Amino acid sequence: MKPLKIAMMSMTHGHTRKYYQVLRDNPKLDWVAVSTENETVKKNFLDNVSGIPCYDSPEEMLAAHPEIEAVVLASANSEHLKQMKLCAERGIHILSMKIPTFDMAEYDEMIALTEKNGIVCQVELEMHYNPVVKRIWEEYESGKIGKMKAFEATNITLSPVWAFPWQGVPEKSYGKRIALSDSDKRFRGGALCDHPHIFDMIRHMTNSDFASIYACVAPNIRPDLEVEDMLTVIGTMKDGTAFSLDPSWSRMEERIPVPGPGWEVFPKRMEVNITLHGEKGSILSDCFGPNVYHNGGPDDRYTVQYTYFDEWVGLIDEFVECIREGKQPKINLRWHKKTIEAMNACYESIRTGQPVTL
């Protein structure tokens with residue numbers, strides 16, 4: 001298979017650095033170039049990667065490299081539509097970060113753009129390629145616990161705001177400045193906007209969509225943030241499955257500008273736990289359990305070395321295969337739109353204090 005000529009834009013998303021090794025080492029890829037959002041991001045990139053041309057704007061990069069076939073949009077949520085237009089009009093395939101947009105009119109425009117130009121647009125929801133998730137699915141499909149009755153999941157992390165400031169800016173994260181409610185001076189755009197994965201996984205594992213959602217927020221544990229950092233969500237799926245989801249920034253962190261060892265205060269910077277309750281039993285899982293814990297820098301702190309890199313390999317492999325074979329990825333824009341609609345319903349529930357029917 002001919003290697004896919006791929007580039008990256010903006011480099012301001014928290015997942016950016018996870019692509020470096022995949023884009024370098026995967027023989028299915030030819031990493032052509034990057035464009036960076038600002039001088040700080042540019043320096044961080046050049047300090048970590050050599051030999052890849054770096055440009056100050058996506059327009060400059062695309063003009064210099066007409067051979068680019070695909071782009072990873074590693075940018076703020078508010079930039080995605082503009083960057084998709086740049087790609088679509090050139091026939092460039094797109095790997096979008098996990099939130100294309102919360103604006104449903106923009107979302108429909110993205111769908112129209114990509115379909116009109118016949119390009120692949122895959123949304124980066126890497127949990128589908130997590131080996132623990134694959135094992136959960138195999139165990140459930142085997143029939144051991146019977147039909148699913150309830151789904152519980154946590155997607156709790158530290159906050160990326162200090163390293164990626166746009167994630168604390170409502171206009172850049174949510175796309176608009178909308179108060180959580182009339183009595184709450186915080187704005188949409190915090191932890192919920194960072195954690196679509198578990199909303200997507202329940203749809204995948206039940207093969208159903210959301211029927212009703214009730215969500216509420218807690219007081220922030222980071223009082224200087226103007227977006228929410230902790231919330232909880234309950235509800236039902238259309239097939240009757242009940243669910244409880246926790247997509248919070250409830251791990252505390254050191255406020256360092258570049259993520260690295262010592263970022264986490266608690267040894268584990270994220271907890272993605274999925275529990276399936278069936279008619280005959282339950283499956284409990286820790287999706288990021290297989291890690292290495294050690295005493296190390298800084299300050300001899302007990303910290304963690306993550307060992308989940310296979311997710312990014314599987315995600316990229318599917319992206320390349322879909323482009324070369326003219327197929328649609330599982331997590332395409334049309335599929336993912338219902339996940340974003342459910343997350344918007346969470347914000348509407350928080351605003352009204354009432355359940356929302358979808």
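**Figure 1. A look at the lining of the largest cavity.** In this predicted model, the residues around the largest cavity split into three nonpolar, three polar and two charged. They are His-13, Asn-77, Lys-98, Ile-99, Trp-166, Gln-167, Cys-193 and Asp-194. The space inside the largest cavity comes to about 40 Å³. If you are wondering about others, searching the whole structure turns up one cavity of 30 Å³ or more.

**Figure 2. Here we turn to the second largest pocket.** This pocket holds about 420 Å³ of space. Its lining has 24 residues, and Met-11, Thr-12, Val-41, Ala-163 and Phe-164 are the closest to the pocket centre. By type, the lining residues of the second largest pocket are 13 nonpolar, seven polar and four charged. Helix H2, spanning residues 39-48, contributes the most to this lining, with five residues.

**Figure 3. Next comes the largest nonpolar core.** A total of 78 residues make up this core, and Phe-151, Phe-199, Val-233, Phe-243 and Leu-276 have the most contacts inside it. Helix H11 (residues 333-352) supplies the largest share of the core, nine residues. Elsewhere, a second, separate core of 30 residues has Ile-6, Leu-29, Ala-70 and Phe-319 among its members.

**Figure 4. A close-up of Phe-199 and its contacts.** Phe-199 is one of the residues with the most contacts inside the largest nonpolar core. Setting aside neighbours within four places in sequence, Phe-199 is in contact with Leu-192, Phe-210, Val-233, Leu-245, Pro-247, Thr-339, Met-343 and Cys-346. Val-233, one of these partners, is also listed among the residues with the most contacts inside the largest nonpolar core.

Definitions and conventions. Residues numbered from 1 in each chain as written. Predicted model: local features only at pLDDT ≥ 70, side-chain atom pairs only at ≥ 80, totals over all residues. Heavy atoms only, no water. 1 Å grid on protein atoms, 1.4 Å probe; cavity = no way out; pocket = protein on both sides within 12 Å on 5 of 7 lines; lining within 4 Å. Points joined across faces, edges and corners; volume = space filled by probe spheres on them. Helix = DSSP H or I, 4+ residues; strand = E, 2+ residues; numbered from the N terminus. Nonpolar A, V, L, I, M, F, W, Y, C, P; charged D, E, K, R; others polar. Core = buried A, V, L, I, M, F, W, Y, C linked by side-chain atoms within 4.5 Å. Buried < 20%, exposed > 50% of the residue type's maximum accessible area, 1.4 Å probe, protein only. Contact = heavy atoms within 4.5 Å.
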